[in-house]
Amino acid sequence: MSTLAIVVTLGSIVLAALLALLMIPVLVWLERRVAGLIQDRLGPNRTNVGGFRLGGVVQSFADVVKLVFKEEYYPSHIKSGKLLFTLAPTIMFVSALLAFMTIPFADNVNIAGESFRVQALPVDYGVLWFMAISSIGVIGILFGGWLSHNKYSLLGAQRAGSQLLGFELPLGLSVIAMVITYESVDFNVMVDYQSGVLFGFLPAWGVLIQPLAALIFIITMFAETNRAPFNVVEGESEIIAGHMTEFSAMKFAMYFMGEYIAMNTASAVIITMFFGGYQLPWLSTQDLFSNFSSVVVAIMVVMPIVIFFLIKWMKKNNSVRATLSSDGGRAFETKVLTIVLISMTALIELICLYLFTQSSDSLSATITITLLQIAIFVFKLMVFNIFFIIVRWTLPRFRYDQIQTLGWNYLLPLSLANIIITAIVVVGVN
Amino acid sequence: MNKKIKTIQRHGKTFKDRIYIPAIIEGLKTTIKHLAHNVSDINSVDVLEYPEEQPTDITERYRGLHRLTHREDGTISCVACFMCATACPSACIFIEATQREDGVDEKMPQKFSIDTLECIFCGYCVEACPCDAIRMDTGIFSLIGREREDFLLDKEKLLSFKGAFAQEDSIARK
């Protein structure tokens, strides 16, 4: 194994870990902030370090500090299975984290005649890995609920188990339809397929080729991650907090964080399979390379415009009403962030100027396009995470039997029919 | 029998209703509209920026922190009749009576203290008082202390609070 391979692999692993773990505090904050704004409230916006509040995202770090220093409480009625009781949240957390590891963040990098995958786990059976690992998470919920020796916890765990059974089938069947379409179980090949053009003018995204499979997949992903409207597992009006009732401090936080990683993973898989992954619509990686100088010029033009509007928005919104005597250091924060953003833009413009002189087969071109694709991936990931959050604050929770009816009576036949139609079309076209 | 019968149309049975998706999109439209509006102008969110902004809508009927009223000559109007302590459902009023020497009245409290940690702010003491000596019209809604003792308000403290509205003195004992 060459040094280059080690560098690219390590880079991918670090990127995957950062994208999964650093996303948790951002998502927890986003959840509360978006919920607030949807309901015409403000949400957490006061916690700050030296006047820097970054819209309130510092709150999540304060929450983590609080949870770490909280008392670890073990219910005294739990006599047997203490080890598994403690381990249960970790099983869920780890499985959600591992499922994220086969997502490609950029197209295969070709350096010095070698091709490297930009995946933390460079395998070509990503879909199978995801299907296998993401289902293990429910074992953590089952252990936690069962070993709590609490009726509410047990009910929550049973609901999680039966919900998984009901929705894993349509999930797997809709994935099979996609596998037939893409003729591969490799996430990267799927994204490559989606960089083409459909009917001459539409981007060949999975959602446009297979709208029904996309709908079924997104619905089952909501159920799989126990997000609203399918969060009967922790339906607080009926069973307190379900499997999390007896957990406290960091054990509870593990469940909590595992849920957000699962949501992040779900978003990543949805965009990889149905929304073109790391690709811009209409443009494949080859197009980006062959028009490298135009890509650089586009970055040089788009970047200042985006930053200009961002600064304008920040100046307007990182403030308080004029009737208030003190703004709590928001004006100073805006000033510093404006300087940072402008100097960052200037630096990127300078780098782009240098890149403009480079040929499209140089190392710097490869790195630029890889970074661009990673940025697009993160952008799409954030959009889908926000979609998950908005749906949670829009729809009321389904009743338990309604969920089972939806899974078994509607989604399962639909996904079966979808497979048959897909197979007929694929065979007919070939 | 000439009753008017209004037939209410039942929803949820049509195909459009049963596939949920149009309804979900309608709901998403509403929430996204609120989100987009508030993100584009955060100061349009109508909230009270407490503690920088203080509430201005406290009315005369608001039951704030208690106070003991004065007579017109500035002395305490309480006659230590124990009516408030008897009416108190959480038994948080502690009174010790003494002889009043200045000829204005016969009795006055030596000690009068309210444990605000026990108090449920029901206002029964105000209703029970025959002398209009105790009131809850200070408009104070937050009491801050570092120790439990800080929340035990004594006679001097209760006399020092000013009423937030008109009628400063007792109207029953001039």
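Visitor: What should I know before I start?

Guide: Residues are numbered from 1 along each chain as its sequence is written, and chains are lettered from A and ligands numbered from 1 in the order in which they are written. The model is predicted, so local features need pLDDT of at least 70 and side-chain atom pairs count only at pLDDT 80 or more, while totals for chains, interfaces and linings use all residues.

Visitor: How many helices and strands are there in chain A?

Guide: Helices (H or I, at least four residues) and strands (E, at least two) are DSSP runs, numbered from the N terminus. Chain A has 16 helices and four strands. Chain B has five helices and five strands, in the order α-α-β-α-β-β-α-β-β-α along the sequence.

Visitor: What does the radius of gyration say about chain B?

Guide: For chain B the radius is 27 Å, well over the 16 Å that the rule gives for 174 residues, so chain B is more spread out than a compact globule. Its C-alpha trace spans about 85 × 60 × 30 Å along the principal axes. For chain A the radius is 23 Å, close to the 22 Å that the rule gives for 430 residues, so chain A is as compact as a globular protein of that length.

Visitor: Which domains does chain B have?

Guide: Domain bounds come from an automatic or database domain assignment. For chain B that assignment gives domain 1 (12-47) and domain 2 (67-160). Their C-alpha centres lie 52 Å apart.

Visitor: What share of each chain is buried?

Guide: A residue is buried if 20 or more other C-beta atoms lie within 10 Å of its own, exposed if 12 or fewer, and partly exposed in between, with C-beta atoms placed from the backbone. Buried residues make up 40% of chain A and 19% of chain B.

Visitor: Is T9(A) buried, exposed or partly exposed, and why?

Guide: T9(A) is partly exposed because it has 18 C-beta neighbours inside 10 Å. T9(A) sits in helix 1 (residues 3-21) of chain A. V301(A), in helix 13 (residues 292-317) of chain A, is exposed because 10 other C-beta atoms lie within 10 Å.

Visitor: How far does helix 1 of chain A reach?

Guide: The expected span of a helix is 1.5 Å times one less than its number of residues. Helix 1 of chain A has 19 residues and reaches 27 Å from its first C-alpha to its last, close to the 27 Å expected.

Visitor: Which residues of that helix are buried, and where do they point?

Guide: An α-helix has 3.6 residues a turn, so residues three or four places apart point the same way. In helix 1 of chain A, V8(A), S12(A), A16(A) and A20(A) are buried. They cover an arc (of the directions from the helix axis to the C-beta atoms) of only 95°, which puts them on the same side of the helix. The face turned away from the buried side carries exposed residues, including T3(A), I6(A) and L18(A).

Visitor: How many residues are in contact between the chains?

Guide: Two residues are in contact if their C-beta atoms, placed from the backbone, lie within 7 Å. Here 16 residues of chain B are in contact with 17 residues of chain A.

Technical notes. Rg over C-alpha atoms; globule rule 2.2 N^0.38 Å.
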